[in-house]
Structure formats: C-alpha cells, structure tokens
Amino acid sequence: MIRDARVLRAGFVPREVEHRDAEVNHLSSVLEPITNGEPADTAIVTGPSGTGKTCISKFVTERLREEVLDVEATYVNCWRNYTRFRTLYQILDDLGATIDIHRQSTPHDELVDRLQQHDGPRTVIILDEVDQLEDPSVIYDLHSLPQFAIICIANKEEELFSRVDDRLVSRLRSSEHVRMGKYHDEQLYDILSARAKWGLDEDVITDDQLYRIADAAAGDARLAIGILRTAAGKADRENHERITDDILLDAAEDARAQIKQKSLDSLTPHQRVVYDIVREHGPVGPSEIHERYSEAVDDPRTKRTVRTYLSKMEQYNLLEAEGTSRDREYSLVDSAAASPMQ
Ligand SMILES: Nc1ncnc2c1ncn2[C@@H]1O[C@H](COP(=O)(O)OP(=O)(O)OP(=O)(O)O)[C@@H](O)[C@H]1O
C-alpha cells in the first residue's frame, strides 16, 4: 500500500512543486544575487496556513544550493525559538559556531558579533513563523548583515509590521514580498495526486476520492496531505488493498484532530494561558482576556502582543472570532462544524 512514507510526511519538500511557478521565480530572483557573492534583499513570504510558504522557501533555497557551491542555508522555527537569544543561538548552532557560548550568560550582542564575524559562505536564513518572535529586533540584527539573505515567513504582513519598530518597518516595506493564497480544489488535487503517485502503490485511491479530500481541505495543503497520510496509514494497518470511503471519512476528522493537537503543542506558555482563558470563558473580548491573562502570569505581555496571540490561534483554527474589531469576541473553534468529507 505505502511505497514511500516520507512523501506523505508534513515537512516533505518535493522535487517539483505544483502551481507556484510565479512565487518560485519571484523568490529565486530575490535570492539570486547571493549566487554571485552579492548581498540579497530580505524576502517576506506571507499566506494562510498550508499554502506552501515553508515548502516553497526550502525548495527555492535547495535549488540555489544545487546551482552553486558556496551557498549555505539554515532554517529556524521562530515559534519554537521565540526569544531573540534562542533564534540567534539556533542560527549559530547550525553554522557550527556555538562552542563556548553559555546559554544563560552570553549577551545578545555577542551572538550578533559572532554572526557578523562569520566568514563562511553566504547563507540563506529562513525565519519561519517570524511573527511569533517575542522580540522581533532579531530581524533587524540579521537584516544588517550582508553575508546573510533572510526569508521571513509569516501568516499576515500586518501582524509582522505592527510589532516591529519604525526603522524596521520601513526596511521591511521595501523588501520583496511574495504572497501565497489558498489553493483551489484543482491545485490541491494535483498536489495530492503527485504525493499519491510517489507515496502509494497504484490504484490505492481513486481520483474521485482525491477530489473529495481536496474539497474537505478547503485550500489547505497541510490538511489535504494529512488526510491522505492518515487514510493510507489506516488502510495499510487494516490490510485493505485500497482506501475505502469509510476510512476516508474518519481520516478527515483524525487529520484535523492531529493538526489541532500539533498547533496546541506549539503554543508558548503565555499563549497557552490565553487559549485556556478563551476555553473557560469564551465568547470573550480582548480586554477581558488581557485582564484575566495579566492576573494569571508573572510578567504579562502587552495588549498588542496578546492580540497577535489571538490572531495566530485564529489562523491555526484553534480560535474563532466574531464581531467587528470593536466588539470582537473569541471562542474555541467547533471542530464538528469544519467542512465535512462528502
Ligand atoms: N505547491 C506545492 N506543491 C507540492 N507540495 C506542496 C505545495 N504547497 C504545499 N505543499 C505541501 O503541503 C504541506 C504544507 O505546506 P507548508 O508547510 O509549506 O505550508 P505553510 O504555508 O508553511 O503552512 P504553515 O503556515 O501552517 O506552516 C507540505 O507537506 C508541503 O510539502
């Protein structure tokens, strides 16, 4: 049943990406100067969850590295490494320059100095989930170092810009911006079909079933591939020769639950407190959320930061908001109401 399980994993970067030629070309052209040893502009890649931001950024960087010898790449998930220190440390660690850095005592400036002194090949730094940085000034640190080309990935540009100071906003506004929209069903079908071709034995799933997955995933390639993976896994475990319609129905629910759990596990401790407040008191407005949150934690972040937490959780389908910006209220997403598998 399963020919190559890697192809069905969430983080897999395929040899060919589907339907993103314009975005691939745009991003490649922004990074192109580093292939001649020149500094490149910072690129900002935005779009909803599952639109291929990470995949396309890694794909383009890998292709560059295939073309020229002296380009390196490093990837940091800023949601996981949400402090300035951790992001800088992660990059230095990837470059092999963390020996004698003490996790607690080394000042930030020294980490930045180290990066500045780095005299290895030019390096593309992918800052994924960059809108999750508690202190976005790390973008400024990196932006000013010519030996690094930066790709900043975020869901919404406003969220990124609202949290950085003016000098950085003006620099970022003049950066190259690659926007990714949700996929149409046909596009998702093509993405799924390529994965099924490489990952599964022949005739394990029908075209009609692939279309139904595409439809249920509503533009989100992460969910679409998750449904395919879950269905194939179950069919394989139960020794079916094909993916049955019943398996497919359950797979949509299971894949959503898995993605939700992963998103919950990604929340920072402060975000988790905010999520729990909405769970217990929703529907609830941002002011009340902030009040309750400030009482619950020792060093509360600003209202603006908590608003970005709420927006992120909305993007990741953990929370939903109702009302206009004045009377907006948040509650937990009702998973049962998600677009069902037909
Ligand atoms: N155009 C594409 N061609 C082939 N596979 C794709 C394409 N776009 C996305 N994928 C696949 O879909 C999955 C989700 O994509 P990706 O992680 O890049 O989304 P994202 O926009 O970064 O989402 P998030 O904001 O949730 O991190 C990955 O497995 C990726 O390989």
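Visitor: Which residues does T42 touch, not counting residues up to four places away in sequence?

Guide: T42 touches H143, I150, C152, L172, S175 and E176. Contact here means heavy atoms within 4.5 Å. This is a predicted model, where local features need pLDDT of at least 70, side-chain atom pairs count only at pLDDT 80 or more, and totals for chains, interfaces and linings use all residues. Residues are numbered from 1 along each chain as its sequence is written, and side-chain values use heavy atoms, with hydrogens and water left out.

Visitor: Why is T42 called buried?

Guide: Buried means under 20% relative accessible area, exposed means over 50%, and partly exposed is in between (1.4 Å probe, protein chains only). T42 has 5% relative accessibility, so T42 counts as buried. T42 lies in the loop between α1 and β1 (43-46).

Visitor: What makes the side chains of T42 and H143 a polar contact?

Guide: A polar contact is a pair of N or O atoms within 3.5 Å; within protein, one must be able to donate a hydrogen and the other to accept it, and residues adjacent in sequence count only if both atoms are side-chain atoms. The T42 and H143 side chains make such a contact at 2.8 Å.

Visitor: Where is S28, and why does S28 count as buried?

Guide: S28 is in helix α1 (residues 21-31). Helices (H or I, at least four residues) and strands (E, at least two) are DSSP runs, numbered from the N terminus. S28 is at 15% relative accessibility, so S28 counts as buried. A polar atom of the S28 side chain lies 2.6 Å from the backbone oxygen of V24. Leaving out residues up to four places away in sequence, S28 touches V60 and R63.

Visitor: What makes F85 and Y89 a stacked pair?

Guide: Rings of Phe, Tyr and Trp (its six-membered ring) pair if their centres lie within 6.5 Å; planes under 30 degrees apart count as stacked, over 60 as edge-to-face and the rest as tilted. The structure holds three aromatic pairs. One of them is F85 with Y89, at 6.0 Å centre to centre and 20° between the planes, hence stacked. F85 and Y89 are four residues apart in helix α3 (residues 84-94), so about one helical turn separates them. Both are buried.

Y189 and Y211 also form a stacked pair, with 4.2 Å between centres and 5° between planes. This pair links distant parts of the chain: Y189 is in helix α8 (residues 185-199), Y211 in helix α9 (residues 207-217), 22 residues apart.

Visitor: Why is Y189 buried, and why is Y211 partly exposed?

Guide: Y189 is at 11% relative accessibility, so Y189 counts as buried. Y211 is at 31%, so Y211 counts as partly exposed.

Visitor: How do you know that the charged end of K312 sits over the ring of W79?

Guide: The test asks for NZ of Lys or CZ of Arg within 6 Å of the ring centre and within 35 degrees of the ring normal. The charged end of K312 is 5.3 Å from the W79 ring centre. K58 lies over the face of Y75, 4.1 Å from the ring centre.

Visitor: What surrounds the ligand?

Guide: 24 residues do; the closest are A10, E18, S49, T54 and Y183. A residue is near a molecule or strand if one of its heavy atoms lies within 4 Å of it. A ligand nitrogen is 2.6 Å from an N or O atom in the Y183 side chain. A ligand oxygen is 2.7 Å from an N or O atom in the K53 side chain.
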